[in-house]
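Thanks for coming, everyone. Before I talk, please take a moment with the sequence and the structure on the screen.

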Amino acid sequence: METVEEKRREILATIQDKTASHEQKVTYLARHAENFLTVIDEPEELDALMRCPQPERCICNLFEGDAPYRPRYICPDYPKFLKQGSEFLQLDVPKDLWEALNNLLILYHNVPSITNYPVYIGDLDTLLEPYVSQVDDETAKKALRLFFIQIDRTILDSFCHADIGPADTRAGRLIMEVEAELEDAVPNLTMRVSQDTPDEFLLAGVKCALRSAKPSFANDRMFRGELGDNYCIASCYNGLYKAGGSYTLCRLLLHGIAKRSSGIEDFKKNQLPYVMDVMARYMDARIRFLVEESGFFESNFLVREGLIQRENFTAMFGLVGLAECVNTLLEKDGREGRFGHSAEADALGVEIMEQIAAFNQAHQAPYCEATGGHFLLHAQVGIDSDKGSSPGTRIPVGEEPAELVDHLKNINLFHKYFPSGTGDIFPVDMTVHKNPQFVFDVIRGAFQLDIRYLSFYNSDSDVVRVTGYLVKRSEMEKLAAGQNVRQNTTGLGLGASTNCKALNRRVR
C-alpha cells in the first residue's frame, strides 16, 4: 500500500502540474499507468544498480516503463507507404505534393515511439523529390512551410528526425531554405555526407545550420559501411534500419561504476563486467516481453502493411560518462591525466571501450537478427537529471581543448565504436557567418577520419542543440518563468542547461 500511495501522489502531482499542457499530462499519466505493472522477468541484481539513490546508480532505462507495449524507436518504410497507400488509414496513393504531405502527416500521427511521437519521418528529400518536381519553387516552398509548421506544432518533442542527402536534390535544397526561414526546433534534421556529396549542397547545409542549428552532418561512409544502404538517422543521431528500429535503449552510467570500484583493476575485472551482464540480461527480458507477450508485432497495422518488419529491429546498448569514469579511475590509482587532455587518459578510455565492445560482441541478444544477434553500441546524449556525467564519450563541458584540432583528435578515438549513434556539438562564433567555408572544411576533413557525426550552431541562435535534440532558448525562458510550453524537450533542455551546463560549451 505504501507503493500504491506513492504512485497516487505522483499521479496527482502530474494532474496539478501547471507547466504541463493537456497532451503532455496525458502522456505522463499513461506512463504512470504502465509503471503500476510488474511483468518483466528482471535480474534480481537490477534494483541495487538502477532503483537506488541517484549517486549510486550504474544502470538507467531512460524511462521506458515497466511494461513495454511498443518498441522504443520505429522507422517506417515511407517510400512503400507513398507507393501503396494505407488500408488501415484509408489513404489512397498520393497523386501530387499536397496529397503526399497530407498522407505523411496522417501517418506520423499513428507512428508510436517511447514518447508517442515519431522519431523518424523519412528521407524527406528523396521521398518528396518526385512530387516537388511537379510544381515551381514558390509553390513547393509554401507547401513545405505549412508541412513543417504542422510538424513543429503537433509533434511535441524534437526527437522527431528527418534525413536528407547524400545526393543533391532540389527538394533537399528547398527543405533547407524553408527550415532556415522557420528556425523551429522540430523536426531535427541530418544531412548524410559522402565523398560524392556536391560541395555546393554541403555548403548550403552549413549555412542552414548556422541559422537554425540544423542539419547536423553524418558520415555516410561509416554508417553505410556498418549498417548497409538501408539505414536512417533517427531521434538524436541514432543509426537504425529503415522498416525497423530499436526495441529498447538502456545505458551504463560509467561514472557510477567507477565510483563503486577501488581502482582501474577492480573496475575492469569485477565492476564493469558485472554491471554489463545485469544490464544485458535486463534488456533481453524487455525484448522478450515486447516480442513474445505484448502483441505489438501481431496487431499493429505498420506490421500488417509491411511498413515495418520485426526482423529489422535491434536494441541499443548505451553508455554515458566515459570522461568522468576515466578521471575518477586515474585519481583512485594516483595517476595524472584528464580525459581529452592526456594520452594516458584517452588510452584508458579506449581500453574501456574495447572491453565494452568485446562484451557486446560476445553477448547473444534475442530477436536481434538484423545486427548479427548483438546489440548496437550507442553513446547516449544524456538526460536533464545527469549531474557530473557527460554524454557518451564527450569531453566535459568547460574542459574542451583550446584548439579544435585537439578536440577532433580525441573524438576520432571513440566515434568508431557506435554504429547506432554518437556525436559532438560545436557552437560557432557569429563571425563564421562571414566564412561558412570554415565549418565546411571541418566537416570534410573530419569525415576522412573515423569521425561519425558533427553538429554546429550559431552561439547567438535562439534554436540550440542541447545534447542531441533541439530547443529554443526563448521557450526555455518561458518554462523557467512557470509558463506552458508545447514541447516536452524544452523541459529536458532547461534541466540539461542547469544541471549539465549544456549551453556553456566552448565557442569555436
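This is a predicted model: local features need pLDDT of at least 70, side-chain atom pairs count only at pLDDT 80 or more; totals for chains, interfaces and linings use all residues.

The lining of the second largest cavity divides into 3 nonpolar residues, no polar ones and 4 charged ones, where Ala, Val, Leu, Ile, Met, Phe, Trp, Tyr, Cys and Pro count as nonpolar, Asp, Glu, Lys and Arg as charged, and the others, Gly among them, as polar. Residues are numbered from 1 along each chain as its sequence is written, and side-chain values use heavy atoms, with hydrogens and water left out.

The residues around that second largest cavity are Glu64, Pro68, Arg70, Arg72, Ile114, Tyr247 and Arg286, and the space inside comes to about 30 Å³. By cavity I mean a set of points, on a 1 Å grid over the protein atoms alone, where a 1.4 Å probe fits but cannot get out, and lining residues have an atom within 4 Å of a point. Grid points are joined across faces, edges and corners, and a volume is the space filled by probe spheres set on the points.

Tyr247 brings me to the aromatic rings. There are 18 aromatic pairs in the whole structure, a pair being rings of Phe, Tyr and Trp (its six-membered ring) with centres within 6.5 Å, and planes under 30 degrees apart count as stacked, over 60 as edge-to-face and the rest as tilted. In one of these pairs, tyrosine 247 and phenylalanine 297 have ring centres 6.1 Å apart and planes at 80°, so the pair is edge-to-face. Tyrosine 247 belongs to strand E8 (residues 244–253) and phenylalanine 297 to helix H13 (residues 296–299), so the pair ties together parts 50 residues apart in sequence; helices (H or I, at least four residues) and strands (E, at least two) are DSSP runs, numbered from the N terminus.

Lastly, the backbone. Most residues other than glycine have a negative phi, and most peptide bonds are trans. Leucine 62, however, has a positive phi of about 55° although it is not a glycine, and leucine 62 sits in the loop between strand E1 (59–60) and strand E2 (73–75). A cis peptide bond, with omega about 5°, joins glycine 165 and proline 166, and proline 166 is in the loop between strand E3 (161–164) and helix H8 (170–182). Lysine 214 and proline 215 are also joined by a cis peptide bond, with omega about 5°, and proline 215 is in the loop between helix H9 (199–212) and strand E5 (216–219).

Conventions: On a 1 Å grid over the protein atoms alone, a cavity is a set of points where a 1.4 Å probe fits but cannot get out, and a pocket is an open set with protein on both sides within 12 Å along at least five of seven lines; lining residues have an atom within 4 Å of a point.
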